[in-house]
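Below are my notes on the model, as numbered points.

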Amino acid sequence: MTVTKQAFSLNFSLLSKFINEEEKNKYTNIISMIHQEMHSPTSKDCDALGWVDLAIKQDQKEIEQMLSVANEIRTKSAVLIVIGIGGSYLGAKAVQDALTPYFSKKSGETEVIYAGQNMSGAYINQLLQYVEDREVYVNVISKSGTTLEPAISFRVIKSYMEKRYGDEIKNRIILTTDPKNGLLRKLAQEEGYRSFEVPAEVGGRFSVLTPVGLFPLAAGGIDIQALLDGAKQATNDLMFSNYKENEAYEYALSRYLLEKKGYIIEIMASFEPSLRNVFEWWKQLFGESEGKDEKGIFPVSVTYTTDLHSIGQYIQAGKRQIFETILHVRNQQEDCTIQLMENNFDQLNFLEDKTFHDINTIAKNSSILAHYDGGVPVIQVEIDKLDEYHLGYLLYFFEKACAMSAYLSGVNPFDQPGVESYKNNIFALLNKPGYESLKEELEERLTEIFD
Ligand code: PA5
């Protein structure tokens, strides 16, 4: 089925060789039941479903506060350092990178840079050198307030800010964290830092439309109201319980049925390099929500045509366990046209008057056909253009699809027990008080492996 809307459309026609309507129909009732549960105020997961109607219930007061602080940052600083990891930075980075020019930034714009998403000492040192002659604000984002990567970066950056700005850091550091719990909330309360709230019932990877994503984006000059408007439109469009009227559910169901047939890897592909970090966000969303109980599709992303020249061969003819979702941007705001050349030295005059986007679109159609012929199920997602509104729509679409997809597989979309095991191990091995017995056990095992 192809659902076409001005802003957004999906094409599943190339799946008919792999899954049929009869198979899909069998899931009509179960999808409808999951939908009712997702939208019920008494749902068993109601403490994690706050993202479902965030864009509809916009808190105007909070939006104004974010815009006001963002405006202050844009007036007073050249750089905003956003400290966070996973769901606490990927959404903002995704939207920012999709909408920021590839090369030089407009002069006078505040640059948003990220810390706390890795533990490279070189990265943090070089970041501090980079901001040395630039005015700086900091936004530290951690719902729990205990995640190690952002916590150690914040410790270093906070000391730097103290030395550089003295008491003024109260204005220059903004915290985004749980409304009540955690060390960052305590810090905000005890030391008077300004703060925004990550709603208790919204988990990290579903939090891009809360201050986690919205505030840094506003500081970087992104139109957050348009982003929310797009998400709101998607919320309304994706309100139907029948998958035939709800593209998010049809996408979820198609993935689920493909997985059952052995297509256990989903490649998200685009011909627009600026979407690279939207895919990083998408990978976390689906990977962390679905990869449980030895279930789940492994999410991978590629940027074409670049990656056609690296792993294109595998996609075309390697082990047949992949399906591909191609995200296409229908119209480009900026383009470049191929001109006629008198001597035709490169014999490319047949491309006269074609734009890069025309050629890129033909490359997209060519690879869809080639991959399909090579036995790869292909889904196409199209957005009309790359702007805040369409990205807001897209982000919400994926969130809704992801929750349905995980529920269909019978896993909880909102926890991440696997990540918690890594977090516990690292704290134990680093001697965090309270982890003593785990430390002993892990050290014995490490001795067996490495000695
Ligand atoms: O989706 C999630 O919950 C995680 O990816 C978290 O966002 C990530 O681990 C960071 O957690 P926190 O915001 O508590 O520092």
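1. Buried here means under 20% relative accessible area, exposed means over 50%, and partly exposed lies in between, with a 1.4 Å probe and protein chains only. On that scale D45 is buried at 11%, while K44 is exposed at 60%.

2. This is a predicted model, in which local features need pLDDT of at least 70 and side-chain atom pairs count only at pLDDT 80 or more, whereas totals for chains, interfaces and linings use all residues. Residues are numbered from 1 along each chain as its sequence is written, and side-chain values use heavy atoms, with hydrogens and water left out.

3. The ligand is surrounded by 14 residues, a residue being near if one of its heavy atoms lies within 4 Å. The closest are S88, S142, S144, T147 and Q284. By class, the shell holds one nonpolar, nine polar and four charged residues. The classes are as follows: Ala, Val, Leu, Ile, Met, Phe, Trp, Tyr, Cys and Pro are nonpolar, Asp, Glu, Lys and Arg are charged, and the others, Gly among them, are polar.

4. For Q284, a polar side-chain atom lies 2.4 Å from an oxygen atom of the ligand. For E288, the distance from a side-chain N or O atom to a ligand oxygen is 3.0 Å, and for K423 it is 3.4 Å. Taken alone, the ligand exposes 380 Å², of which the protein buries 90%. Accessible areas come from the Shrake-Rupley method with a 1.4 Å probe; for residues, only the protein chains shown count as cover.

5. L429, L446, I449 and F450 make a nonpolar surface patch of about 400 Å². Patches consist of residues with over 30% relative accessible area and no salt bridge, with like charges joined within 9 Å and nonpolar side chains (Val, Leu, Ile, Met, Phe, Trp, Tyr) within 5 Å. Helix α17 (residues 436-450) gives the largest share, three residues. L429 sits in helix α16 (residues 417-429) and is partly exposed at 33%. Helices (H or I, at least four residues) and strands (E, at least two) are DSSP runs, numbered from the N terminus.

6. How many salt bridges are there? The count comes to 21, where a salt bridge is a side-chain nitrogen of Lys or Arg within 4 Å of a carboxyl oxygen of Asp or Glu. One of them joins K44 to D45, with the closest N and O atoms 3.3 Å apart. In another, R172 pairs with E168 at 2.8 Å between the closest N and O atoms. R172 is buried at 5%, and E168 is partly exposed at 35%.

7. E382 and R330 also meet through their side chains in a salt bridge, at 3.0 Å from N to O. This pair links distant parts of the chain, with E382 in strand β11 (residues 378-385) and R330 in strand β10 (residues 322-331), 52 residues apart. E382 is buried at 15%, and R330 is partly exposed at 23%. Salt bridges that share partners join E21, K24 and E250 into one network.

8. Is T325 buried or exposed? T325, found in strand β10, is buried at 0% relative accessibility. Its side chain makes a polar contact with the side chain of E266 at 2.6 Å. A polar contact is a pair of N or O atoms within 3.5 Å; within protein, one must be able to donate a hydrogen and the other to accept it, and residues adjacent in sequence count only if both atoms are side-chain atoms.
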